[in-house]
Amino acid sequence: MDALSLAGKVAVVTGGTSGIGREICLRFARAGAQVVAAGRRNDAGKSVVAEIEASGGSARFVETDVTDPGQVARLIGSAEEDYGQVSVLVSAAGVMLIGSAPETSVDAWRTTIETDLSGPFYLAKYGIPALLRAGGGTMVVVASELGLVGAREAAAYCAAKGGLVNMVRALAVDHAPQGVRINCLCPGPIDTPLLQGWFAAGADPSDRERQQVAPVPLGRLGRVEEIAEAALFLASDASSYFAGSIVVADGGATAWYGL
Ligand code: NAI
């Protein structure tokens, strides 16, 4: 039996329409999971489902705004209705709004906290009972290296991701005894539309990219495939003794003081 197999599992993935979340949907489907991709954009959601179905997998898209608890509850309900159970949860939806505290509008602060911290909380609140109904399961929360260290012009993002990292520990402590393993994945800079948007917003995008890569000992951006592999490990039986772990995949960036 392949410990990385997700055969017979039903995985709900938020942020499944782009970047890391999209790649997790594709990878989990290849590992045998039935995938419920959640996101705000119907066209992008349909394209993930089409790609999974074209390679023989099974998937659904449920339009969901993770900042709305009612929509997250409905997402879990519809996954259970369609597939009979939910055994894996992945929280990958997120936004990165840039700014020091004085530069961050109250709206940007609220959007960041609502999306990057409350969104995963709603997924835990409504999703964990479904994992328990399924007799156990796993949850993978995509936080960030910026949940572990500070960074310039990222006050709201660092606050939300730092809170998220410690929320995962609390969730794990509550639910590990019930057969639900919850772990956190902290990527470094990964080449996705989110990061490319941040580069493009700079006066000199290639200079921004160089600055982003400079503190990474591996000397390059990460790829979504590399993060999806780590997510698969945490979602599957291969990580059977992991609970409340903070798994960092950042090319060595947070290991380095920079000298
Ligand atoms: P992305 O922008 O490609 O994908 C994020 C997805 O979340 C998009 O589909 C977006 O529509 C969705 N989303 C945003 N707000 C939402 C909401 N209210 N409801 C439902 N969906 C919503 O970004 P990427 O890079 O794939 O990011 C995925 C996760 O990884 C995020 O949580 C991000 O903070 C985290 N991350 C990304 C890193 C990077 O360098 N790309 C580094 C560390 C963490």
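Helices here are DSSP runs of at least four residues, numbered from the N terminus. The model is predicted.

**Stop 1: the ligand**

Select the ligand and the residues around it. The shell holds 29 residues, and the closest are T17, S18, I20, Y157 and T192. Now colour by helix. At least two shell residues come from each of α1, α5 (155–175) and α6 (193–200). Which helix gives the most to the shell around the ligand? That is α6, with three residues.

The side chain of T17 places an N or O atom 2.7 Å from an oxygen atom of the ligand. At I20, a polar backbone atom is 2.8 Å from a ligand oxygen. At T192, a polar side-chain atom lies 2.6 Å from an oxygen atom of the ligand. Switch to a surface view. On its own the ligand has 820 Å² of accessible area, and the protein covers 94% of that.

**Stop 2: V48, behind T17**

Select V48, in helix α2. V48 is buried, at a relative accessible area of 1%. Beyond its neighbours within four places in sequence, V48 is in contact with G16, T17, R22, C25 and L26. T17 is also among the residues closest to the ligand. A37 and V48 are 11 residues apart along the chain, with their C-alpha atoms separated by 7.8 Å.

**Stop 3**

Side chains of opposite charge can pair when their charged atoms come close. The whole structure holds seven salt bridges.

Start with R22, one of the contacts of V48. R22 forms a salt bridge with E51, and the closest N and O atoms are 3.1 Å apart. This pair links distant parts of the chain: R22 is in helix α1 (residues 19–30), E51 is in helix α2 (residues 42–54), and 29 residues separate them. Are the two partners buried or exposed? R22 counts as buried at 19% relative accessibility, whereas E51 is partly exposed at 39%.

Move along α1 to R27. Its salt-bridge partner is E229, with the closest N and O atoms 2.7 Å apart. E229 lies in helix α8 (residues 224–235) and R27 in α1, so the pair ties together parts that are 202 residues apart in sequence. R27 is buried, at 17% relative accessibility. E229 is partly exposed, at 37%.

**Stop 4: E23, without a salt bridge**

Stay in helix α1 and select E23. E23 is buried yet has no salt bridge. Which side chain of opposite charge is nearest to E23? That is R30, 4.4 Å away. Apart from neighbours within four places in sequence, E23 is in contact with R30, V224, E225 and A228.

**Stop 5**

Select R220, R223 and E226. A network of salt bridges links these three residues.

Then go to helix α7 (residues 205–213), which holds both D207 and R210. They sit three residues apart, about one turn of the helix. D207 and R210 form a salt bridge, and their closest N and O atoms are 3.7 Å apart. R210 is exposed at 52% relative accessibility, while D207 is partly exposed at 28%.

**Stop 6: P187**

Select P187, in strand β6 (residues 180–187). P187 counts as buried, at 6% relative accessibility. Leaving aside neighbours within four places in sequence, its contacts are I20, V142, A143, S144, E145, I227, A249 and D250. One of these, I20, is also among the residues closest to the ligand. P187 and V247 are 60 residues apart in sequence, and their C-alpha atoms are 8.3 Å apart in space.

**Stop 7: the backbone at E153**

Finish in the loop between β5 (137–142) and α5, where E153 is placed. Most residues other than glycine have a negative phi. What is the phi of E153 near? The value is positive, near 55°. E153 counts as partly exposed, at 38% relative accessibility.

Conventions
Residues numbered from 1 in each chain as written. Predicted model: local features only at pLDDT ≥ 70, side-chain atom pairs only at ≥ 80, totals over all residues. Heavy atoms only, no water. Salt bridge = Lys/Arg side-chain N within 4 Å of Asp/Glu carboxyl O. Buried < 20%, exposed > 50% of the residue type's maximum accessible area, 1.4 Å probe, protein only. Lys, Arg positive; Asp, Glu negative; His and termini not counted. Contact = heavy atoms within 4.5 Å. Near = heavy atom within 4 Å. Polar contact = N/O pair within 3.5 Å; in protein donor to acceptor, adjacent residues only side chain to side chain. Areas by Shrake-Rupley, 256 points an atom, 1.4 Å probe, with all protein chains shown as cover.
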